[in-house]
Amino acid sequence: MFVLDQFTKWLVAGPIGLTELGQNIHLLPFFDLTRVHNRGISLGLLTAGSENARWLLVAMTAVIAGVVAWWLTREKQRGDQLALGLVLGGALGNIVDRARLGYVFDFADLHIGEFRPFLVFNVADACISIGVVILILRAFLVREPKPSMTKEPDNA
């Protein structure tokens, strides 16, 4: 997911030519490419208005990514491993952007006419969101089989 995220950012900013902040390329009636520089975290929260704040966000998200990586190494359930991999790959993609560029490069702009139910996002954001939803759904809907409580017959 990390490689896919970085590749799509390169593709959109390079060969496709979305180089200027706010630049928009209309692709489909419901999807545009729009260049946005996100200096905050999810939903634009905790905006980094200075270099110190930027590096604090890098450090904070790196710690979170480290916790997710640790969890991933200990997780036994394949569905949870997949979800954690999505979250980790997405987090690393956005960390690299913030460290390298000073912001996270977002470009995917889904809309219905002028109505935009989502903020402009990128592949990393989608991976994080999908991974978290999978983890939540699995926590509430997937139950592991309980150990059998039947007694062994006595052979006395």
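Helices here are DSSP runs of H or I with at least four residues, strands are runs of E with at least two, and both are numbered from the N terminus. This is a predicted model, in which local features need pLDDT of at least 70 and side-chain atom pairs count only at pLDDT 80 or more, while totals for chains, interfaces and linings use all residues. Residues are numbered from 1 along each chain as its sequence is written, and side-chain values use heavy atoms, with hydrogens and water left out.

I'll start with the record. An unreviewed UniProt entry lists residues 53–73, 82–99 and 119–141 under "transmembrane region"; such annotations may be inferred rather than shown by experiment. In the model, residues 53–73 are 100% helix and 0% strand, with 30 Å between the end C-alpha atoms. For residues 119–141 the figures are 83% helix, 0% strand and 28 Å.

Now the rings. Rings of Phe, Tyr and Trp (its six-membered ring) pair if their centres lie within 6.5 Å; planes under 30 degrees apart are stacked, over 60 edge-to-face, and the rest tilted. How many aromatic pairs does this rule give? The count is 2. Phe7 and Trp10 make a tilted pair, at 5.7 Å centre to centre and 35° between planes. Both sit in helix H1 (residues 2–13), 3 residues apart, about one turn of the helix.

Phe105 and Phe107 have ring centres 5.6 Å apart and planes at 50°, so this pair is tilted. Both Phe105 and Phe107 are buried, meaning under 20% relative accessible area, with exposed over 50% and partly exposed in between (1.4 Å probe, protein chains only). Phe7, at 43% relative accessibility, is partly exposed.
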